[in-house]
Amino acid sequence: MPFFVKTEIIKKEYLINNDLKRKIINEHIYWVKKSKKEGINIKTGFLVDKLNRPGDGGLLILEMDNYRNALKIIKNDPMIKNDLVEWKLNEWVDPNK
């Protein structure tokens with residue numbers, strides 16, 4: 001089954017509003033845990049710089065049968081529903097297959 005990657009960058013207006021950002025990120029983490037319990041192979045994480053400091057973005061990896069279904073699931077992400085991030089969804093292709 002294909003893997004899909006959502007790349008995301010937190011919008012600048014949320015970088016200074018830590019309380020709202022943290023609330024939405026906590027909702028996102030809960031949503032991922034709930035999705036896993038429903039049998040979806042999904043992982044999420046944030047990006048850090050060379051000094052191991054968190055940046056302003058992250059990745060979500062999702063195993064799904066096609067792009068349309070992956071997009072349907074991703075659009076339920078609280079980070080997207082609350083317009084916290086600029087995002088893009090791509091299928092990851094393994095050239096060694």
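View 1. Helices (H or I, at least four residues) and strands (E, at least two) are DSSP runs, numbered from the N terminus. The largest pocket holds about 330 Å³ of space, and of the 16 residues that line it, I10, R22, I25, F46 and G57 are the closest to its centre. A pocket is, on a 1 Å grid over the protein atoms alone, an open set of points where a 1.4 Å probe fits, with protein on both sides within 12 Å along at least five of seven lines, and lining residues have an atom within 4 Å of a point. The volume is the space filled by probe spheres set on the points, which are joined across faces, edges and corners. The lining divides into 6 nonpolar, 6 polar and 4 charged residues, with Gly counted among the polar ones. Residues are numbered from 1 along each chain as its sequence is written. Because the model is predicted, local features need pLDDT of at least 70 and side-chain atom pairs count only at pLDDT 80 or more, while totals for chains, interfaces and linings use all residues, and side-chain values use heavy atoms, without hydrogens and water.

**View 2. The open sheet is formed by 4 strands in the order β2-β3-β1-β4, with antiparallel pairing.** Its edge strands, β2 and β4 (85–92), each pair on one side only, where pairing requires that DSSP finds at least two bridges between two strands. Strands β1 and β3 are joined by 7 bridges, and F3 stands opposite E63 in β3.

**View 3. The antiparallel strands β2 and β3 are joined by 6 bridges.** Looking along β3, L62 is the bridge partner of I42, L60 that of T44, and L59 that of G45. The hairpin of these strands has 5 residues between them, and N52 there takes a positive phi near 65°.

**View 4. Helix α3 (residues 67–74) packs on the sheet, touching β1, β3 and β4 (contact means heavy atoms within 4.5 Å).** Its direction makes about 155° with that of β4, the axes being lines fitted to C-alpha atoms, for helices over the stretch in contact, and the angles running from 0 to 180 degrees between N-to-C directions.

**View 5. Confidence in the chain is lowest in helix α1 (residues 12–15), at a mean pLDDT of 79, and highest in α3, at 97.** The predictor's confidence in each residue, pLDDT, runs from 0 to 100, and the chain averages 91, with 100% of the residues scoring at least 70.
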